[in-house]
Amino acid sequence: MKVVTPGEAVAAIPDGKLVVFPGGCADPSMFYDAFSADVERFSDLTVCSGLSWGDYRFLERGLGEHFHYLTWQASPKIRHLFTANDRRKVSFVPIRLSDLTRVVSRNGPIRPEVVVVQTSMPQDDATVSLGISVGPNQDFVESANIVIAEMNSNMPVMAGDSRVAMASIDLAIESSRPLANYDTGAPEPRDERIVEHVLSLIPDAAWVQFGVGAVPDRVLGRLAEISGANLYSGMLSQGLIRYLENAKHRPKVINGELAGNTSLYSFCDGNDTVEMHRTSLTHDPLKLAALPHFVSINSTVEIDLHGQS
């Protein structure tokens, strides 16, 4: 692993290749600033990422002229790009998250040459932690020929499958910028009624999966009211603190991404209860089907007359 400047990391990306940027609250902003500043060096680059809670600053310059953006999750922040539907700028690949790391892989149809991740600072065992964003990133790192890590002093060191050997990282940037935050917003008057109803449907000793949104997060915050509940989720947010502080048993927590604010990240730093794992585990249909009393709680934009969201 070689520590370099953000500009040197960008210069190491070969043109004409495919580079994967991280999603969730992993937001290597120093690298993104350098990428935008030097985007003219590219003429045929493809940038891929999933849903990000960051500001997508890497799309601000050069999109459609110097690089193309491909995603499997269209965040509300970039839906205007898909409304415009300029094929030079963006494309969408419909992928189930359970299939993601087979499709985007060394031997898959979408092959990453370069992968950028955000990590903790180096640890005593010569590893860094992927911290709040493990998800598909472990598999992406293993598939790439060039791995660039923005090592952030604010990134928590997480339990589970979060560690990456420093020897697997080619170039590293050092940063102390704040991590990205995810805010579910102020509750609406109807939210509490929905939460009460959802809680009434969860059996004791359930394994619960949560999706994105204000209502799932508020259910998570009150999940301690369900005896013996455990978590098996792709993403968990701010309500995790309240749940773990009030649970009357020692819950099992299997998770892929954390999305919240500094208090959540500090609470989970070094917390052995919160295990971070790969998407290939958290979204494996066979493993989910084998969980007793499994309940999935998601929000939706709309529901049609057939009850489909």
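Predicted model: local features only at pLDDT ≥ 70, side-chain atom pairs only at ≥ 80, totals over all residues.

Modeller: Residues are numbered from 1 along each chain as its sequence is written, and side-chain values use heavy atoms, with hydrogens and water left out.

Now to your pair. Helix α7 covers residues 214-221 and helix α8 covers residues 239-246 (helices are DSSP runs of H or I, at least four residues, and strands are E runs of at least two, numbered from the N terminus). Their axes are 7 Å apart, at an angle of about 15° (axes are lines fitted to C-alpha atoms, for helices over the stretch in contact, and angles run from 0 to 180 degrees between N-to-C directions). α7 and α8 are therefore roughly parallel to each other (that label is for angles under 35 degrees; over 145 is roughly antiparallel, 65 to 115 roughly perpendicular, and the rest oblique). The crossing of α7 past α8 is left-handed (the near helix is turned anticlockwise from the far one by less than a right angle; clockwise would be right-handed).

Who touches whom? On the α7 side you'll find D217, L220 and G221, and they meet G239, L240, R242 and Y243 of α8 (contact means heavy atoms within 4.5 Å). Those residues split into 3 nonpolar, 2 polar and 2 charged (Ala, Val, Leu, Ile, Met, Phe, Trp, Tyr, Cys and Pro are nonpolar, Asp, Glu, Lys and Arg charged, and the others, Gly among them, polar).

α7 has another partner to look at, helix α6 (residues 191-201): the two axes come within 9 Å and cross at roughly 60°. That makes α6 oblique to α7, and the crossing is right-handed. From α6, the contact takes in D191, I194, V195, V198 and L199; from α7, it takes in A214, V215, R218 and V219. By class, that contact has 7 nonpolar, no polar and 2 charged residues.

Q209 counts as buried, at 12% relative accessibility (buried is under 20% relative accessible area, exposed over 50%, partly exposed in between, with a 1.4 Å probe and protein chains only). Setting aside neighbours within four places in sequence, Q209 is in contact with several residues, including Y232, T282, F294 and N298.

Last stop, the charged pairs. There are 16 salt bridges in the structure (a side-chain nitrogen of Lys or Arg within 4 Å of a carboxyl oxygen of Asp or Glu). One of them joins D161 and R278, with the closest N and O atoms 2.7 Å apart. D161 sits in the loop between β9 (159-160) and β10 (163-165), and R278 in the loop between β15 (274-276) and α10 (279-282), so the pair ties together parts 117 residues apart in sequence. D161 is partly exposed at 24%, whereas R278 is buried at 17%. Elsewhere, salt bridges that share partners join D33, D55, R57 and R177 into one network.
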